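The report below moves from the whole chain to single residues.

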Amino acid sequence: QASMEEMLVGLERIMTEFFHPSTSNKRKREIEEQLNKFGNQNGAWKHCLEIFTKTNNEYVMMYCLSVLENLVNKMWLGCDANSKSEIRRNLNHILMLQHKKVPMFITNKLIKVIVDIGRSDWPMFYPDFFTGLLHLASSSGGNDTRALGLVALRIASEELASPREDVSGQRKEELRKLLLQQVPDMIAIITESLRVEWESNFMQLNQSSMATPPPSPGSGESNLFDLFVAQGDARPQIANVTIPPHSLNIMKHALECLCQLFSWIPLSSSITPDLLSVVFKYARLGVSAAIQNCARYVQRPALQDFNKKFLNYKKTLFFSGSTLSELGCNAMMCINELMSRNCVPHNFEEYLVRIFRQTFHLLQQLTHGDNPRASLDKLDDNYLEKFIEFLRLFVSLHFSRIESNPSFPLLQFLTLLFKFTFHQTSHEHYINCLDIWEVFVDYVTTKSEKSTEDKEYILSRYKSRMILFSTSILQHIQFRFNYNHLSELDNQTMDDNGHTEWEVYLIENIELVAKIGQLFPKDTVSLLWPILDETASIYVKTNWSAPSNMDTNHLTQLQRTLKDLAMCLQAFGRISEFFIGEQFHEHYESTLTLIQKFQAIAVFGNKCHLYETTNLPPALVKETIAVQVEALASLQPYTHWLSQLYSEAQHAGHSQAQLSQLLVSYMDAIIPVLGKQVPDKIVLSAAHTLLSVATTVRATFLAQSPSVQKLFQDVSNGMCNMLPMKTQSLIYRSLSNLLLLPWPNTPESEQNWFERGESHKTFIKSLLTEYLSLNNSLSAQKPSVIFSAKPAILRAVLILDGIVEAMADEVSKARQLCHASIDQCIVISLQLFSIYISHPDTIEVLMSFFHRIFSALRRQIGPEAIARTLQSFLSTFTPERLQETILHENAAGVRVVEKFIEILELVIEEPGNSFKTFTPSIIVLAVQQIYPIICQRPSSDVKGVLFHLLHRILSRRHRYFFPSPVIASMLGDGSVNSSRSGSIAHKPQFLAIMTAFGQSFLQADINVFKQVLNILEELGSKQKLYDKLHFMLAEEGVLFQFVNVLIQALINKSHNLLQVCYTIQCFTCCSVDLDFFHSKFLQEFLQHTEGVTADQKNILYRSFQPEKDLPSFTSRLMLFVNDLRYFKLSNSSLPEGTVQF
């Protein structure tokens, strides 16, 4: 047997090797096996205790503690009493001896092992466990151990308040009760520690500024008039504060421990005014204006390093004021932990008001003085984040409670929040403050909507501050007033959504202005109008033909003005909803003027062609492009106003001259920029607006207007061919909609369907001439020809996809005309399918097109054509090809298969009898061909869409499996199984689908697991699936096979994130027959459960009382699962050969 010295040297060597960067993974696995063998041998804990005291290697220390932790958590019950006593004694001795010499993370691990022992043995076999921790943390234990004791109390709180599953449910409840009994002593020690350290280290501070602001004389806590009355102007002045290291540790660990306690203790328990007062004293440390380099460690005598690498400790160490900010942060975390508790008992409301009073006193200090921005800029970022978090919690959770108090000074609060928001120097902090305002605006909106009678009064209370806030936001996002701040934002790099940092910032601000505008629309419009007038006037009056006459300052100011004009146009686009609906007549004139102004700006840009100017600085040209983009984009949402104008004129029989003039102006703004010489951004914006005009307004005369007729002719002649494909698709879709979409408020006889249909056929042919000729050119299937035809196929399919998509929700006649126009394209696409089956990129596009066709036009195509199409697909997707595509994880190929399954789902969705004939073949394909290929693969590819198809089969073709009694009696083909509970048809297919659902619970993919849970839940509620499974398939026991799998998933903690979903689903299944669950299933489940004794099974069964409501059942189920895990773990920890009775 190796000596202790040899073990130590060997462990240090292999642990160092394990963590060395050059060590291979294979070698690491070998070392792991060696370490596991060492840790699992009998008596390894003795070696680990001795090695821990002799080594200076941190890796070895952590390994030794891991061995001991494994012993305590998994084999403790099997240890004899003497060994347990020896381990407890030695660990406590090591802690007291080594805690100053080892790093903090090792000390934490050592404490954790001791607490784990306490979790099992306290108080019966370890009666002095908690008293020992309290003694360490108390002043009677001495300054050397107070910080250590506070760390131990925090870890004990973390581990004992919510123990893991290796403790029985009864023991968990016992531990929580025992811990609650210790809370008063813990709170008292923490309070005393914080108070003593404060008096020792901060007595020289300005006492008036650091004292807790008392309420006004004679005012109770419910009197809130003085909530924001300043208690003095001075901020805490911290200068030359000297803090010993041990004091700093005590304060930090005391606040961390307190924060942990606040996360779970009852609010009314042990929280005293003295405790809150001392916490707020520490919170004020973060508010100090003189925070940098304001404190240093006092001189300390030389300390010996435990590795003896350094003989002398530095006599004097400096630390910055950020250390004091850290204390302030820790204190604010304690406050926020209390604030995050939404359910506040009545007897705690007094303390809640104390918290508000003292925190808002801090807010006053932060925003006080002539230059609050400078004060906020000096604050530590983390501290500021904690303070913003406090305000968010106050507004979201407690504002409604405190605002209902008649004495709450609402205007003072909003004023303070306003100052705090607009004096932020960080963009991130400013946006976080906007989030607080958004919550506040949502609260006011909800409150006003609920109280319709008092709506005007409610809004009047908030109006002045909200309008002021909107005014300040609009000023804040104008470059003319805030250039230095806004120029810091990146306007080049785009995020995943295609927005730059500046664009996201602008959207956040405009959204909040729009939210406030929903409450005060007139006032919001009046705020934006002057900005639009001023900036637009400068834009159109600038002499752009002579830029050389402008000096640098003029150009700079012009650039900023254009940025602000683009912003204002975007804002007006966002609030277009204020001008339609009930507000249409009231704002008619102003909206008309506004639209005309947008048109004038856009037309001005068209005439000047500023994007072609070479005499302007590139930065200024960029802003002129942005203005034109926003001018065209702002016209888009106002098409809804034009639509309402059109409808009103039709109903009243008025002239449509005004609408006609506006539409002509729209076309004057849009059509001239639909060319290849114009920047892509402008063309794209114009194309989107054109689509909105065609889709939303639908004026009968628009397609016949000269400008639109010319556009049809130019597009047919290839005017748009050089534009980006996305832009081309939008233009073609717009023109298609002009011809196909029904005209509003127009009789069917006057819709001119025939003429429009013929025009649409001609238009499609002009766009897709090359595609329509592919049928002949590809007949020889030459590789070169097949490859060269790809661009034409991709272009045609993208164009057709947009045109067909627009028909999805339209009237049958419009879809019929669309189908007639593209029928030949569909035929060609189907012929191309077999040709390009080996070209994943092309076949994916073709399959997406067919998916779109089936989605929008399946009734127009008809069952016969669908049958031919499906048969073509089935002959192409042979089982061999499916297997090759899916198993080889060809990404494009997999997407093609998924699209194919989605097409099958669309067929299932269709209710007609002619479509129902496809059901059997679709089930066979799904269950017998596709599912066997994907079921054993870990990847989620195809699984999601396949289970969605199976879901639709069960919900839309419910009668296929469960026919009515009349239909069941008529089916004489032997496909129906009848019983007293009802009839089930095609039973093998149904069971195959259920098997697929059940097997998904055994796989690792959490998304598929969640999907199937949701599917079963919906089928259970809408189709009574669980009742049918239990009563019609009682012999097969399908329902409780699901229950078995779900409980096993709970026990094994697979997909633990879905634990709540498991338990709810279990209850839903079992509620079909709770008596059967308890009397039969539960006993059979326990009978087949291994690793548990007969006596333990009886305990588990008896403790699972029959419950008929969801909360009680889930509580019992989780207790059952927890105790079952505990018994298995306990039994596995017993020595081999142990006899149990």
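## A report on the chain

UniProt lists residues 31-97 as "domain: Importin N-terminal", in an unreviewed entry. Such positions are given in the numbering used here, feature names are shortened, and annotations may be inferred rather than shown by experiment. The span of residues 31-97 is 82% helix and 0% strand, and its end C-alpha atoms lie 30 Å apart. Helices (H or I, at least four residues) and strands (E, at least two) are DSSP runs, numbered from the N terminus.

This is a predicted model: local features need pLDDT of at least 70, side-chain atom pairs count only at pLDDT 80 or more, and totals for chains, interfaces and linings use all residues. Residues are numbered from 1 along each chain as its sequence is written, and side-chain values use heavy atoms, with hydrogens and water left out.

### The whole chain

The chain has 53 helices and five strands. Its C-alpha trace spans about 100 × 85 × 65 Å along the principal axes. Of the 1141 residues in the chain, 52% are buried. Buried means under 20% relative accessible area, exposed means over 50%, and partly exposed is in between (1.4 Å probe, protein chains only).

The chain exposes about 51,500 Å². Carbon and sulfur atoms supply 51% of that area. Accessible areas come from the Shrake-Rupley method with a 1.4 Å probe; for residues, only the protein chains shown count as cover.

Now take contacts (heavy atoms within 4.5 Å). Among those between residues at least 6 apart in sequence, 75% join residues at least 24 apart.

### Helix α19

Helix α19 covers residues 455-476, which is 22 residues. From its first C-alpha to its last it reaches 30 Å. That is close to the 32 Å expected at 1.5 Å a residue. The expected span is 1.5 Å times one less than the number of residues.

Where is the kink in α19 centred? It is centred on Lys463, and the kink is about 50 degrees. The bend at a residue is the angle between axes fitted to the seven residues ending there and the seven starting there. Helix α19 also has buried residues, among them Ile458, Leu459, Tyr462, Met466 and Phe469.

### Salt bridges

A salt bridge is a side-chain nitrogen of Lys or Arg within 4 Å of a carboxyl oxygen of Asp or Glu. The structure holds 45 salt bridges.

| Pair | N to O distance |
|---|---|
| Glu159 and Arg119 | 3.9 Å |
| Arg171 and Glu174 | 3.0 Å |
| Glu192 and Arg195 | 2.5 Å |

Start with the side chains of Glu159 and Arg119, which meet in a salt bridge. Glu159 lies in helix α8 (residues 143-161) and Arg119 in helix α6 (residues 104-121), so the pair ties together parts that are 40 residues apart in sequence. Glu159 is buried, with a relative accessible area of 15%. Arg119 is buried too, at 3% relative accessibility. Glu159 and Arg119 also belong to a network of salt bridges that links them with Glu69, Lys109, Lys112 and Asp116.

The pair of Arg171 and Glu174 lies in helix α9 (residues 169-201). Its two residues are three apart, about one turn of the helix. Arg171 is buried at 12%, whereas Glu174 is partly exposed at 37%.

Glu192 and Arg195 also lie in helix α9, three residues apart, about one turn of the helix. Glu192 is partly exposed, at 35% relative accessibility. Arg195 is partly exposed, at 34%.

Most residues other than glycine have a negative phi, and most peptide bonds are trans. Which peptide bond is cis? The bond from Trp122 to Pro123 is cis, with omega near 0 degrees. Pro123 is found in the loop between α6 and α7 (129-137).

Arg698 is not a glycine, yet its phi is positive, near 55 degrees. Arg698 is found in the loop between α28 (680-697) and α29 (706-716). Is Arg698 buried or exposed? At 18% relative accessibility, Arg698 counts as buried.

Lys1024 has a positive phi of about 55 degrees, although it is not a glycine. Lys1024 sits in the loop between α47 (1006-1022) and α48 (1025-1032). Lys1024 is partly exposed, with a relative accessible area of 47%.
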